[in-house]
Amino acid sequence: MFFWSKKKKPSAQPGKKPPANPISKEAAKAQALANARNARAEIGEENLQRLAQLLQQQKKEPSPGMKAREIIRAMDKGKVADNLRALMQEDKK
């Protein structure tokens, strides 16, 4: 038959919720903290500090895409619209 006349499969019962995770909130938090401590010890404090410094430098320097957005925002709106229309016209050809 046609695809729109297919019968839908019965989904999970709407009233029932999936079984909850048996781990309590406190146990999950303790496990996450232990994992973080183990990862910190495995990576080493020097490497961790170096990674943190690199991340801070990346935040300060805008990406090329962000630089381009700022340049486009500073340009004349009409000129930007005209250029975009011209690009769309070229794509259609």
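1. From the N terminus on, the elements of the protein run α-α-α-α. The secondary structure therefore comes to 4 helices and 0 strands, where helices (H or I, at least four residues) and strands (E, at least two) are DSSP runs numbered from the N terminus.

2. This is a predicted model, in which local features need pLDDT of at least 70 and side-chain atom pairs count only at pLDDT 80 or more, while totals for chains, interfaces and linings use all residues. Residues are numbered from 1 along each chain as its sequence is written, and side-chain values use heavy atoms, with hydrogens and water left out.

3. Confidence is expressed as pLDDT, the predictor's confidence in each residue, from 0 to 100. The protein averages a pLDDT of 83, and 77% of the residues score at least 70. Confidence is lowest in helix 2, at a mean of 88, and highest in helix 1 (residues 25–43), at 92.

4. The accessible surface of the protein comes to about 9700 Å², computed by the Shrake-Rupley method with a 1.4 Å probe; for residues, only the protein chains shown count as cover. Carbon and sulfur atoms account for 59% of this surface. Of the 93 residues, 1% count as buried. Here buried means under 20% relative accessible area, exposed means over 50%, and partly exposed lies in between (1.4 Å probe, protein chains only).

5. Not counting residues up to four places away in sequence, valine 80 touches Ile72 and Met75, contact being defined as heavy atoms within 4.5 Å.

6. A nonpolar patch lies on the surface, formed by Ile43, Leu51 and Leu54, with about 260 Å² of accessible area together. Patches are made of residues with over 30% relative accessible area and no salt bridge; like charges are joined within 9 Å, and nonpolar side chains (Val, Leu, Ile, Met, Phe, Trp, Tyr) within 5 Å. Leucine 54 lies in helix 2 (residues 45–60) and counts as partly exposed, at 44% relative accessibility.

7. How many salt bridges does a search of the whole structure find? The search finds 3, a salt bridge being a side-chain nitrogen of Lys or Arg within 4 Å of a carboxyl oxygen of Asp or Glu. One of them joins glutamate 45 to arginine 40, with the closest N and O atoms 3.4 Å apart. Glutamate 45 is partly exposed, at a relative accessible area of 41%, and arginine 40 is also partly exposed, at 45%.

8. Arginine 73 and glutamate 70 form a salt bridge through their side chains (3.0 Å, N to O). The two residues are separated by about one helical turn because they stand 3 residues apart in helix 3 (residues 64–74). Arginine 73 is exposed, with a relative accessible area of 52%, whereas glutamate 70 counts as partly exposed, at 47%.

9. In helix 4 (residues 77–92), aspartate 82 and arginine 85 are 3 residues apart, so about one helical turn separates them. Their side chains meet in a salt bridge (3.0 Å, N to O). Aspartate 82 is partly exposed, with a relative accessible area of 47%.
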